[in-house]
Amino acid sequence: MLRWGFTFLLLTLVPQAGAQTSGTQSLVGRRAPEFVRRDLTGHNLDLARLHGKVVLLNFWATWCTPCQVEMPMFAHWQKQYGPQQLAVIGISMDDDSEPVRRMIHAQRIDYPVAMGDATLGQRYGGVLGLPLTLLIDRNGIVRAKFQGETDPDKIEASLRSLLATH
Amino acid sequence: MRIRSIATMGSVAVITFVLIQSPARAQSALPLAATTIPSTQLIQPEELKTMLNSTRGVQPLILQVGSRIMFDQAHIPNSEYAGPGSREDGLSLLRNRVKTLAKSRFIVLYCGCCPWNRCPNVGGAYKTLNDLGFTNVKVLYIADNFGNDWVSKGYPVAH
């Protein structure tokens, strides 16, 4: 009996351990971890101050090719959906800021971009694959996660759905 | 349709950026694709995990040749950060790390920043060790990224 009880305990614990390591997936439906960073133009970037807006939070890096394809699209969405209270934020997971500055200049990215670090990555469940884009609703809850190369239409459909909700 | 054209323009901009961003890189080779690594030199995550758990055989020296931020968040236990293989300063760090090792030393390289065919780091790192004469180098085949193909599978991780 005791052996069966132990086996049952193991069977119930193992999937939970797996779920804990699934990282950012567990963020969906939860409040986005707040952070304050200084962006590359020197302005404060405080996630808490964006409540009331829909936030597209994009983790990227200069060495991530799919990330760079997405960025001009996000800049376009910022212009298109800005009047509906969209805020696009880029967090670079590069080790140095210089190539990041060069890239956002070359790509004419005009939404706020700040440097990330391991601490911020871990607060978001481990940013261990790029690109990673989270959509956060007007109440600060993560509603969608897109990792890796993603069909832009899928991201935009989720975004529009969130923007339509007040 | 418009989004597609923006994405296409983005691709062109990316290629242009990569070509112009670093004069040093433009003079040397661009980051080598992971797909240039012979398939015989790849090791699968499950195989490496089993090897790490084993008390038999020679344990490899495991070198992460990707981003420092990624390494600091999570890495394979006892692995070492050896610099990004897509950059000359990273490859220099790698050369420095292996300079005193026997050429027959069993080394496993890994990155996991991006899907395999997009990884800019492992190809250059593998070629560097190959050019230096190392004869027992394997590269961890990470199909998607380190989070999905190692951490989420419950394989051992250090922080």
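Strands here, like helices, are DSSP runs numbered from the N terminus (E, at least two residues, for strands; H or I, at least four, for helices). This is a predicted model, in which local features need pLDDT of at least 70, side-chain atom pairs count only at pLDDT 80 or more, and totals for chains, interfaces and linings use all residues. Residues are numbered from 1 along each chain as its sequence is written, while chains are lettered from A and ligands numbered from 1 in the order in which they are written.

**Stop 1: the sheet of chain B**

Two strands count as paired if DSSP finds at least two bridges between them. Pick Leu63(B) to find its bridge partner in S3(B), Glu80(B).

Show helix H4(B), residues 68–73. S2(B), H4(B) and S3(B) make a right-handed β-α-β unit. To check the hand, point the strands away from you: the path from the first strand over the helix to the second runs clockwise in a right-handed crossover.

Next, colour the whole sheet. Five strands form an open, parallel sheet in the order S1-S5-S4-S2-S3. S1(B), residues 42–43, and S3(B) stand at the edges with a single partner strand each, so one side of each has no neighbour in the sheet. At the S1(B) end, two bridges join S1(B) to S5(B), and the two run parallel. Ile43(B) has Leu140(B) as its bridge partner there.

**Stop 2: helix H6 of chain B**

Select residues 122–132. Which residues of H6(B) are buried? They are Val122(B), Gly123(B), Gly124(B), Ala125(B), Tyr126(B), Thr128(B) and Leu129(B). Buried means that 20 or more other C-beta atoms, placed from the backbone, lie within 10 Å of the residue's own; 12 or fewer is exposed, and in between is partly exposed. The cover over these residues includes helix H5 (88–98), S4 (107–110) and S5 (137–140) of chain B.

Move along to Asp131(B), which also lies in H6(B). Asp131(B) counts as exposed because it has 9 C-beta neighbours inside 10 Å. Draw a distance to Thr40(B), 91 residues away along the chain: the C-alpha atoms are separated by 17 Å.

**Stop 3: the core**

Select Leu109(B). Not counting residues up to four places away in sequence, its contacts include Leu63(B), Val122(B), Tyr126(B) and Val139(B). A contact means C-beta atoms, placed from the backbone, within 7 Å. Leu109(B) is among the residues with the most contacts inside the largest nonpolar core, which has 78 residues; Leu130(A), Tyr110(B) and Val122(B) are the others named. Such a core is a set of buried Ala, Val, Leu, Ile, Met, Phe, Trp, Tyr and Cys residues joined through C-beta atoms within 7 Å.

**Stop 4: chain A**

Follow Leu130(A) into chain A. A cis peptide bond joins Leu130(A) to Pro131(A), with omega about -5°. Pro131(A) sits in the loop between helix H4 (118–123) and strand S6 (132–136) of chain A.

Zoom out. Chain A has five helices and seven strands. Five strands form an open, mixed sheet in the order S5-S4-S3-S6-S7. S5(A) and S7(A), residues 142–147, are the edge strands, each with a single partner, so one side of each lacks a neighbour in the sheet. Three bridges join the parallel strands S4(A) and S5(A). Ser92(A) has Met115(A) as its bridge partner in S5(A).

Two loop residues deserve a click. Gln85(A), not a glycine, has a positive phi of about 70°. Find Gln85(A) in the loop between H2 (65–81) and S4 (86–92) of chain A. Gln85(A) counts as partly exposed because it has 14 C-beta neighbours inside 10 Å. Arg108(A), also not a glycine, has a positive phi of about 55°. Arg108(A) is in the loop between H3 (98–106) and S5 (113–115) of chain A. With 10 C-beta neighbours inside 10 Å, Arg108(A) counts as exposed.

**Last stop: confidence**

The mean is 87, and 85% of the residues reach 70 or more. Over residues 1–22 of chain A, pLDDT stays under 50. Where pLDDT is low, the predicted coordinates should not be read in detail.

Methods: Two residues are in contact if their C-beta atoms, placed from the backbone, lie within 7 Å. pLDDT is the predictor's confidence in each residue, from 0 to 100.
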